[in-house]
Amino acid sequence: MKYPLDFESTFEKSLLFWLTRFVRNKTTSLSNSNITDQTQMAILIKSLINDIRSIDDLTKTAKELRKIGMNGLNVYYTPLEKLYHYLVTFGAASMKEIDEEILQDFLITATSTLSDATKKNYRIALITFFGYIDKQNGEENGNLYRFDIELKNWGGLSGKSGTKLPSFMNKEEVNKFIESLNIYPFGAKLAARNRLIIKIILYTGVRVTEALKLNMKDFVKEDDIYVIQIKGKGNKPRVAMIKEDVIKNDLVDWIARRPRVNLLFSNQKGEQLSQAYVYTLVENILIAANINKSKKGPHFLRHTFASLLYMKSKDLVLVQEALGHADINTSRIYTHFDKDKLKVAMDIF
């Protein structure tokens, strides 16, 4: 039986659902030659069907399975448990927001002190997990969603070939997107705020989590630009810049309306906006602009920024610094859009 990718009401619950299904699949497919208690094994398999309500429940069950001899499960479960906590902290709105860049960021963070052999196990666990979801998800209309996670060129651990390319907008699509953004009927009270956050993500490539944490003091005007102080992952600071004329009207309008709190982007109660809210904003504007892409959330805007930046600058270090990547290998995926080099290859004959 196939299940919708976002099977549960929240991202956290949907991710737990798929982890539970995957653990049950591995429990019934890995070697059982070392199982010491068949009765307990049957009880634990049944609990994977009916009794998992939290990641702690799943972790406890996985430990019990290892105790009775399901030794191979640990190779998969340990990386995936850490991935769960990482993604929940990341605060995605949908399973569809997960892509290779996010997983590479996770691997860089989670495996920095581990051996190469263990790093390879983490990579294999992620590829196997998302490969399982690729085969098991399905909507009522028969459509399938494919992650196609390969991680073939991560952290010096190279596979046979290539890297999966991210989805992004070309220049014409960006223009259509901005036109739709500027006329989208958000409502008078929130229009400036919503346009402002989306423009900042699109024009600077910041992560949605970074944008949502911005305070007014993080904006410094210098001549005709705004310098934005960004707190990246691990509170690592970096700077982004955006031209004044891109955001001036929306910024002035929103400052006049916003609640008097430190956060730049808040709801009417002064509370931080959710990533789910921003995801919905971006998705609605893409639909209004008639731009059909496999990825539709704010991370898609970050890919667009990075792709166009590299195509114009051909400077990989600049892309790394602009995106705040810890490892330049994470940025290297954008070099695949260098059409000038491809044209040289085409012209050889």
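Me: Which residues line the largest cavity?
Reply: Lys96, Glu97, Asp99, Tyr279, Lys295, Lys296, Gly297, His299 and Phe300 line the largest cavity. A cavity here is a set of points on a 1 Å grid over the protein atoms alone where a 1.4 Å probe fits but cannot get out, and lining residues have an atom within 4 Å of a point. This is a predicted model, where local features need pLDDT of at least 70, side-chain atom pairs count only at pLDDT 80 or more, and totals for chains, interfaces and linings use all residues. Residues are numbered from 1 along each chain as its sequence is written, and side-chain values use heavy atoms, with hydrogens and water left out.

Me: What volume does that cavity have?
Reply: About 50 Å³, taking volume as the space filled by probe spheres set on the points, with grid points joined across faces, edges and corners. The count comes to one cavity of 30 Å³ or more.

Me: And how does its lining split by class?
Reply: Five charged, two polar and two nonpolar residues. Nonpolar covers Ala, Val, Leu, Ile, Met, Phe, Trp, Tyr, Cys and Pro, charged covers Asp, Glu, Lys and Arg, and the others, Gly among them, are polar.

Me: Which residues lie nearest its centre?
Reply: Tyr203, Phe305, Leu308, Leu309 and Lys312, out of 28 lining residues. By class, that lining has 18 nonpolar, six charged and four polar residues.

Me: Which element gives the largest share of the lining?
Reply: α12, with six residues. At least two residues each come from α7 (171–183), α8, β5 (237–243), α10 (244–257), α12 and α13 (316–323). Helices (H or I, at least four residues) and strands (E, at least two) are DSSP runs, numbered from the N terminus.

Me: Switching to rings. How many aromatic pairs are there?
Reply: 14 aromatic pairs. Rings of Phe, Tyr and Trp (its six-membered ring) pair if their centres lie within 6.5 Å; planes under 30 degrees apart are stacked, over 60 edge-to-face, the rest tilted. Phe22 and Phe129 are an edge-to-face pair, 5.4 Å centre to centre with 75° between the planes.

Me: Is Phe22 buried or exposed?
Reply: Phe22 is buried, at 1% relative accessibility. Buried means under 20% relative accessible area, exposed over 50%, partly exposed in between (1.4 Å probe, protein chains only). Phe129 is buried too, at 0%.

Terms used
On a 1 Å grid over the protein atoms alone, a cavity is a set of points where a 1.4 Å probe fits but cannot get out, and a pocket is an open set with protein on both sides within 12 Å along at least five of seven lines; lining residues have an atom within 4 Å of a point.
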